[in-house]
Amino acid sequence: MKPDLNFIRSQFPAFEEPSLQGWAFFENAGGSYPCRQVISRLTHFYTKNKVQPYYPYPASEKAGALMDESYRRMAEYLNVDPAEIHFGPSTTQNVYVLANAMRPMWNEGDEIIVSCQDHEANAGAWRRLGKRGMKIIEWHVDPQTGVLDTDVLESLFTERTRMVAYPHCSNVIGDLNPVKEITKMAHRHGALSVVDGVGWAPHGLPDLKDLDVDIYMFSSYKTYGPHLGVLYVKGSLIRKMENQSHFFKEGVTRSMLTPAGPDHAQIGSAAGILEYLDAVYAHHFDEEALPVQRNHALNDLFRAHETALLEPLIEFLKDRDDVRIVGPATTENRAPIVSILPKQKAVLEVYNALTRHKLMLGYGNFYAYRPLLDMDIPTDPGVIRISFVHYTHPEEIDQMIQGLKKALD
């Protein structure tokens, strides 16, 4: 089955915006277009329910109900309990709070393994614990491919390892890490599995019960929603953490990791992400299904489409000797995140030529300093990143390839 792109793109007002006509959007790893359902919910919340929630008058009751719906709906799709879902201002802020909440769980000299493939959001805060008595163990990437090797990881564990932090996939390498395998490995050593899903979640929300990770995080503005960080923490784990909110919030799990609560309206609008996914499921499938089952079906639908779009782009790049693919030159086991380095022209020269071809994409290090350092790639100007999602049209891939031909020649 192929996705009905006319239907899918009709759910995103950006595709009807006159100022964006003719432009192809390839910076989805930095943030996706918001879907119509989220925009509608956000507008309605600010118009009708922008009051303190959970008081016993209609506008406040409705505000609280809309927020509760987002916790519940997100949990249903991720296959976890609503009490295990936390909305924070951003993933970076969520990790910062987590590091402070978890430090009291560990003793001086305990070890945490942090990968060098991460966006700095899931790296910096953990590494700063090295100044607070923890020992930081670096899990480096392969300097040629940028890939993380699980055999190397196995050699890094000791009896004092308490946690492994790594990405589901890198936001510059695109390679998909074996989360279930790594999690089982960590658990065998009595360590926690902490996953940055920011790069992967736009291509399929995870089934967290199946992955069995202890902590998983992603950004809802990259999954067609508002600018929030979505954080999952196993219920059995959060009660071992130090409360980061007001003292009277001790034991109130929804509050313990959000010392300054995020925008109520954005939380209320987050259910629009799942409303959108429901609409796509209903349009493509006849069978009634639970949210987690819908999620699995949509992941397969989106994954097949993205891979089909990725194939001609990868083949085009592989056939040229004037550009380097940063990471594995394959469509297998990777997200549609393709970073490139021109070999015969400057990064900005090629980037500017692509922009003139009405291609919206990014260049730089994308806060992925560490994998670029491991691969001996200058962080400034960095790489050119091409990233797309399931609403991308084959014609836009053609536009990208034609733009690359002109920019590289």
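1. Two strands pair if DSSP finds at least two bridges between them, and helices (H or I, at least four residues) and strands (E, at least two) are DSSP runs numbered from the N terminus. The model is predicted, so that local features need pLDDT of at least 70 and side-chain atom pairs count only at pLDDT 80 or more, while totals for chains, interfaces and linings use all residues. Residues are numbered from 1 along each chain as its sequence is written, and side-chain values use heavy atoms, with hydrogens and water left out.

2. Strand β7 (residues 215-219) is joined by five bridges to strand β8 (residues 229-233), the two running antiparallel, and S219 has G229 of β8 as its bridge partner. With strand β6 (residues 192-196), β7 pairs in the parallel sense over three bridges, and here V195 stands opposite Y216.

3. Five of the five residues of β7 are buried, so the strand is largely enclosed by the rest of the structure; buried means under 20% relative accessible area (1.4 Å probe, protein chains only). I215, M217 and S219 point one way from β7, whereas Y216 and F218 point the other way.

4. D110, in the loop between α4 (91-102) and β3 (111-115), is also buried, with a relative accessible area of 2%. Its side chain makes polar contacts (a pair of N or O atoms within 3.5 Å, one able to donate a hydrogen and the other to accept it; residues adjacent in sequence count only if both atoms are side-chain atoms) with the side chains of R160 at 2.9 Å and R162 at 3.2 Å.

5. Leaving aside neighbours within four places in sequence, D110 is in contact (heavy atoms within 4.5 Å) with G133, M134, K135, R160 and R162.

Note on methods
Buried < 20%, exposed > 50% of the residue type's maximum accessible area, 1.4 Å probe, protein only.
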